[in-house]
Amino acid sequence: MHDVTLIPGDGIGPGITKTTLDILEAAGAPVRWHEHVAGVTAMETVGEPLPQATLASIEETRVALKGPLTTPIGSGFRSVNVALRKHFDLFANVRPAYTMLPGGRYEGVDLVIVRENTEGLYAGIEHYIGMENDPRACAESVMLITRFGSRRIVRFAFEYALSHGREKVTLVHKANILKYTQGLFLDVGREIAKEYEGRVVFDDKIVDNTAMQLVLDPYQFDVIVTENMFGDILSDQVAGLVGGLGFAPGANLGERAAIFEAVHGSAPDIAGKGIANPTSLLLAACLMLDHLDEAEVATRIRTALQQTFEARDALTADLGGSTSTVEFGAAVISRLDQAAVA
Ligand code: NAI
Ligand code: MG
């Protein structure tokens with residue numbers, strides 16, 4: 001049995017978490033869950049967005065499955081997701097994207113974004129500069145890039161490529177304009193790439209060109225490694241290539257802990273309706289099972305999911321169908337059962 005901290009999250013979080021747990025249980029995943037709160041749900045029940053008990057549980061289990069957490073826009077408490085990544089130094093955010101539902105815009109897309117998770121503009125070094133009578137006349141955010149942080153994320157991307165049978169790493173940057181910060185990231189990347197010469201192909205691309213190339217020809221990419229904000233933006237774009245945020249899992253990895261989550265947010269526009277697509281969180285749970293050396297269970301779930309999509313008889317609203325979250329879960333479980341019988 002593996003002990004795992006569970007944070008169901010806000011908005012659609014509890015609904016997609018329930019279905020994900022039902023499927024994991026049906027697949028026989030050997031997990032003992034320790035449920036804790038964070039985000040708006042924690043604010044409402046405990047009075048703080050990231051309670052000590054939640055942090056203590058993750059310290060203990062070192063593995064968490066997390067539903068989406070709502071972050072108030074513009075004001076209010078800072079992102080709990082960012083706080084968790086910083087607290088546990090989860091420097092690598094791995095976001096695989098591959099086509100599961102045939103008949104979309106692109107067939108057979110299969111690529112991975114490795115996003116630096118602790119630095120860049122998202123380090124949260126921000127302040128106002130007052131002028132005359134306006135205390136908010138100007139605002140400044142610092143893009144923090146360190147040699148240490150760049151090295152470990154680029155090295156992580158190469159090691160990931162090697163251990164996952166991937167052939168190419170593309171470093172995405174904006175070093176033409178941001179010569180110091182992005183320039184440092186690119187320089188370090190080129191230096192690390194030399195260590196992998198002959199084993200993994202390396203190239204680099206400017207981020208705006210990358211955005212276009214991803215749409216024109218996503219097949220030229222394999223592993224993309226990039227800094228925090230570009231990784232955030234490109235991973236939603238890449239999710240779009242494979243059918244949307246409903247198909248996008250993510251792993252936040254560091255030395256001390258690993259937190260698995262969907263790339264999407266709490267979807268307030270559909271929360272409470274029971275129609276959210278649980279696939280992203282389920283795929284995140286599969287990444288978690290891989291991490292726990294339970295790859296066999298993960299593969300069984302992925303196969304049942306794939307069969308469910310190929311049959312096209314249980315599509316949630318985001319995919320043009322009318323299947324509810326719970327019905328979708330039942331459809332996947334019925335395929336698990338068939339696989340067990342066969
Ligand atoms: P969002 O990802 O919640 O929603 C964007 C669009 O995608 C909406 O139309 C939504 O209905 C749809 N969508 C998202 N997930 C879906 C699913 N599983 N099934 C069907 N449709 C789905 O992004 P948004 O609206 O920008 O953010 C809402 C809240 O979520 C914000 O408070 C934001 O800070 C938070 N957020 C949290 C994240 C996390 O916990 N890792 C990541 C991204 C956003
Ligand atoms: Mg994002």
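1. Let me begin with Glu 59, which is partly exposed at a relative accessible area of 41%. Please keep in mind that this is a predicted model. Glu 59 forms a salt bridge with Arg 256, and their closest N and O atoms are 3.9 Å apart. Since Glu 59 belongs to helix H3 (residues 52-61) and Arg 256 to the loop between strands S11 (249-253) and S12 (258-262), the pair ties together parts that are 197 residues apart in sequence. Arg 256 is partly exposed too, with a relative accessible area of 38%.

2. Another one joins the side chains of Arg 78 and Glu 126, at 3.2 Å from N to O. Arg 78 counts as exposed at 58% relative accessibility, while Glu 126 is partly exposed at 49%.

3. Next, have a look around Thr 308 in helix H10 (residues 295-311). Thr 308 counts as buried, because its relative accessibility is 0%. Its contacts beyond four places in sequence include Asp 313 and Arg 335. Those two residues form a salt bridge with each other, the closest N and O atoms being 3.0 Å apart. Arg 335 counts as buried at 12% relative accessibility.

4. Finally, helices H7 (residues 207-216) and H8 (residues 228-241) pack at an angle of about 10°, their axes 10 Å apart. They are therefore roughly parallel. By class, their contact has 8 nonpolar, 2 polar and no charged residues.

Notes
Residues numbered from 1 in each chain as written. Chains lettered and ligands numbered in written order. Predicted model: local features only at pLDDT ≥ 70, side-chain atom pairs only at ≥ 80, totals over all residues. Heavy atoms only, no water. Helix = DSSP H or I, 4+ residues; strand = E, 2+ residues; numbered from the N terminus. Buried < 20%, exposed > 50% of the residue type's maximum accessible area, 1.4 Å probe, protein only. Contact = heavy atoms within 4.5 Å. Axes fitted to C-alpha atoms, helices over the stretch in contact; angles between N-to-C directions. Parallel < 35°, antiparallel > 145°, perpendicular 65-115°, else oblique. Nonpolar A, V, L, I, M, F, W, Y, C, P; charged D, E, K, R; others polar. Salt bridge = Lys/Arg side-chain N within 4 Å of Asp/Glu carboxyl O.
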